[in-house]
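Please view the structure below before reading on.

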Amino acid sequence: MTFTCSDGRVLAGEVFGVPDGVEKRGTVVIASATAVRAAYYHRYAAFLSENGFAAVTFDYRGIGGSRGGPLRGQRVRWFEWGSLDIDAVLAWALQRGDGLPVHFVGHSFGGYGVGLAEHAAGLGRILTVGAQHAYWRDLSPRNQLAHWGRALLTLPLVGVFGYFPAKCLGLMEDLPAGVALDWARSRKDFTTAAAGSLRTALRAHQAAVTAPILALAPTDDSYATIPAMERAVAYTPNSPSRVVHLPPEQYGEASLGHFALFHSRYRESFWPQTLAWLRDGTWP
């Protein structure tokens with residue numbers, strides 16, 4: 001289906017309805033990591049629907065089904081993925097929630113970006129996985145160098161192509177120029193990417209969020225360090241939050257990294273743990 005943002009941009013998305021005979025517990029909106037298609041989360045969305053939560057996935061503007069034509073010339077900023085895109089999907093879910101709670105699961109930027117959305121004030125619970133906005137000083141010294149190496153690659157390529165051609169480099173999804181540059185510049189205070197009244201509105205949206213936040217990440221996630229995760233939850237000061245680092249050994253793995261936990265091999269381990277949080281607000 002499609003979702004229409006307040007500026008008229010149309011996003012592509014999917015709704016995984018609760019099967020007949022399963023008690024409906026509410027709705028969960030799932031927001032992707034940067035440069036990742038929503039399809040990556042479809043297996044997890046199906047799991048939630050089988051357990052009573054209608055699940056909604058979508059592609060940000062400029063990504064996948066919401067690419068919207070050639071990226072060159074598209075004026076898209078990273079914060080708009082939260083303030084416009086996540087917000088539109090939350091508004092849709094809240095309007096059609098049948099009085100049941102609407103929760104949120106956000107991966108990487110998705111877990112940070114929810115606070116930028118005005119309608120996040122209506123959420124019941126928030127689960128984030130690897131959530132942060134890639135501020136370079138929150139990384140280990142080794143990963144700081146890797147981040148700046150990628151950032152230095154981004155700048156000239158955006159200048160030549162008018163967008164970041166990730167697919168040509170064997171990476172994930174191409175990125176609109178504004179999103180790629182915002183990521184590369186990696187601001188300490190993310191909201192300074194917006195100016196004047198817009199920045200004021202973003203901070204007001206963050207302050208209006210009161211849903212409890214469970215912020216999770218593997219201990220070997222190169223971006224979601226404890227300082228990065230604590231920085232992310234600090235933007236929503238009126239939400240009670242808990243930050244948890246997960247050792248890979250807990251899931252029988254030597255390494256998990258930034259992406260693994262949404263893979264279906266964690267259907268019997270990590271996924272039921274997230275379900276307990278969404279359903280009951282509990283975590284082991």
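Helix α8, residues 270-280, is mostly covered, with eight of its eleven residues buried (under 20% relative accessible area with a 1.4 Å probe, protein chains only). Helices are DSSP runs of H or I with at least four residues, strands are E runs of at least two, and both are numbered from the N terminus. Among the buried residues of α8 are F270, W271, W277 and L278. Just after α8, G281 has a positive phi of about 75°.

The model is predicted: local features need pLDDT of at least 70, side-chain atom pairs count only at pLDDT 80 or more, and totals for chains, interfaces and linings use all residues. Residues are numbered from 1 along each chain as its sequence is written, and side-chain values use heavy atoms, without hydrogens and water.

Eight strands make up an open sheet of mixed pairing, in the order β1-β2-β4-β3-β5-β6-β9-β10; two strands pair if DSSP finds at least two bridges between them. The edge strands, which each pair on one side only, are tabulated here.

| Edge strand | Residues |
|---|---|
| β1 | 2-4 |
| β10 | 241-246 |

Strands β3 (residues 26-31) and β5 (residues 102-107) run parallel and are joined by five bridges. I30 has V105 in β5 as its bridge partner. Helix α8 packs on the sheet, touching β3, β5 and β6 among others, where contact means heavy atoms within 4.5 Å.

By class, the lining of the largest pocket has 14 nonpolar, seven polar and one charged residues. Its largest share, three residues, comes from α4.

Notes:
Buried < 20%, exposed > 50% of the residue type's maximum accessible area, 1.4 Å probe, protein only. Axes fitted to C-alpha atoms, helices over the stretch in contact; angles between N-to-C directions. Nonpolar A, V, L, I, M, F, W, Y, C, P; charged D, E, K, R; others polar.
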